[in-house]
Amino acid sequence: MYTRLELSDLRLFQHIAEAGSITGGAQRSHLALASASARAKAMEDALGVLLLTRQRHGVQLTDAGRALLHHARTVQRQLEHLRDEMSSYASGLKAHIRLLANTAGASEFLPEALSRFLRDNPDIDIDLEERTSVDIVQRIVDGMADLGIVADSLDTGPLQTLPLRRDDLVVVVARNHVLARRRKINFAEIVDQDFIGMSDNSALQEHLAGHAARLGKRIHTRVRLRSFDGICSMVEQRAGIGIIPVTAALRCQQTMSIKSIPLSDTWAQRRLLICTRNQDELPLHTKQLLQQLLNGAI
């Protein structure tokens with residue numbers, strides 16, 4: 001008879017909630033679907049409440065399920081603190097940091113910064129995931145990640161934020177493109193152009209699509225690529241124009257025949273922020289990463 005909850009049960013339930021399905025939760029927990037489904041049902045039986053509303057294409061949390069998820073995340077955070085405090089006594093213990101970032105943060109700023117941190121801290125692993133800034137804020141609030149890197153153009157609500165670096169968006173065109181003579185340009189002037197863009201699940205692409213929609217337009221993307229370098233290479237060949245962070249544009253300008261043009265729209269003039277629920281409550285290893293990221297801020 002199933003009478004109590006184990007830590008593995010709470011982790012499974014958290015994975016199910018975050019994946020939006022028992023199948024996804026089972027995969028994240030490295031369990032067979034039948035086993036994960038049986039354990040989820042056993043949790044409901046043990047607690048005497050319905051935790052999940054099972055639907056054709058996934059699950060939805062009930063009010064009781066949301067309450068359990070809150071407690072599961074609280075327990076997870078407490079375990080992180082416990083690991084920190086015990087790390088000076090135990091050998092071979094691995095710490096884990098959950099980090100979310102928008103496209104610019106994940107592609108331009110973090111690779112070098114995280115490489116240094118991981119090299120200097122072999123006992124710490126980092127789970128980095130690219131998300132939109134809006135999604136990052138909500139996930140940090142919900143306790144699904146420790147740190148987030150977002151643009152300063154949105155309301156971060158109850159989160160604590162620290163300035164990281166400038167992240168203006170610019171238009172990139174071939175040097176012989178008709179727009180190359182412009183010193184500044186408005187998004188509305190170019191929204192009907194052919195674009196070279198990021199993949200559909202890119203946070204930056206979603207951001208630009210949203211601003212196009214506010215103009216009653218839809219961006220025509222001729223090809224979607226996974227890197228800013230790839231976009232600039234296609235732009236150089238006059239396959240279209242692109243919008244990317246200025247740091248990426250300046251880097252690519254050094255080796256490619258392209259030009260960057262500042263966008264005059266206020267939403268394009270932005271700064272990256274690091275956000276967290278409470279800096280003082282972060283585990284020690286997460287504080288170390290936060291400080292190293294801030295030390296590299298410009």
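Mentor: What follows is a series of questions about a predicted model, each answered by setting a value against its cut-off.

Trainee: Why is α1 called roughly perpendicular to α3?
Mentor: The axes of helix α1, residues 7–19, and helix α3, residues 33–47, come within 10 Å and cross at roughly 110 degrees. Angles of 65 to 115 degrees count as roughly perpendicular, and therefore α1 is described as roughly perpendicular to α3.

Trainee: Which residues of α1 and α3 meet, and what makes up their contact in terms of nonpolar, polar and charged residues?
Mentor: From α1, Ser-8, Asp-9, Leu-12, Phe-13 and Ile-16 meet Ala-36, Arg-39, Ala-40 and Met-43 of α3. The residues of this contact divide into six nonpolar, one polar and two charged.

Trainee: How do you know whether Arg-73 is buried or exposed?
Mentor: Arg-73, which has its place in helix α4, residues 63–86, has a relative accessible area of 7%. Buried means under 20% relative accessible area, so Arg-73, at 7%, is buried. Not counting residues up to four places away in sequence, Arg-73 touches Gln-14, Glu-18, Asp-142, Gly-143 and Met-144.

Trainee: How far apart are Ile-185 and Leu-114, in sequence and in space?
Mentor: Ile-185 and Leu-114 are 71 residues apart in sequence, and 34 Å separates them in space, C-alpha to C-alpha.

Trainee: Turning to the domains, which residues does the assignment give to each?
Mentor: The domain assignment of the chain gives domain 1 as 7–87, domain 2 as 94–165 + 271–296, and domain 3 as 169–268.

Trainee: How do you know that domain 2 and domain 3 bury area between them, and how much is it?
Mentor: Their C-alpha centres lie 26 Å apart, and the contact takes nine residues from domain 2 and 11 residues from domain 3. The area buried between domain 2 and domain 3 is about 700 Å², with carbon and sulfur atoms giving 62% of it. On the domain 2 side, Thr-103, Glu-108 and Thr-132 lose the most area to domain 3, together 62% of what that side buries.

Conventions
Residues are numbered from 1 along each chain as its sequence is written. This is a predicted model: local features need pLDDT of at least 70, side-chain atom pairs count only at pLDDT 80 or more; totals for chains, interfaces and linings use all residues. Side-chain values use heavy atoms; hydrogens and water are left out. Axes are lines fitted to C-alpha atoms, for helices over the stretch in contact, and angles run from 0 to 180 degrees between N-to-C directions. Helices (H or I, at least four residues) and strands (E, at least two) are DSSP runs, numbered from the N terminus. Angles under 35 degrees count as roughly parallel, over 145 as roughly antiparallel, 65 to 115 as roughly perpendicular and the rest as oblique. Contact means heavy atoms within 4.5 Å. Ala, Val, Leu, Ile, Met, Phe, Trp, Tyr, Cys and Pro count as nonpolar, Asp, Glu, Lys and Arg as charged, and the others, Gly among them, as polar. Buried means under 20% relative accessible area, exposed over 50%, partly exposed in between (1.4 Å probe, protein chains only). Domain bounds come from an automatic or database domain assignment. Buried area is the accessible area (1.4 Å probe) that two parts lose on being put together, summed over both.
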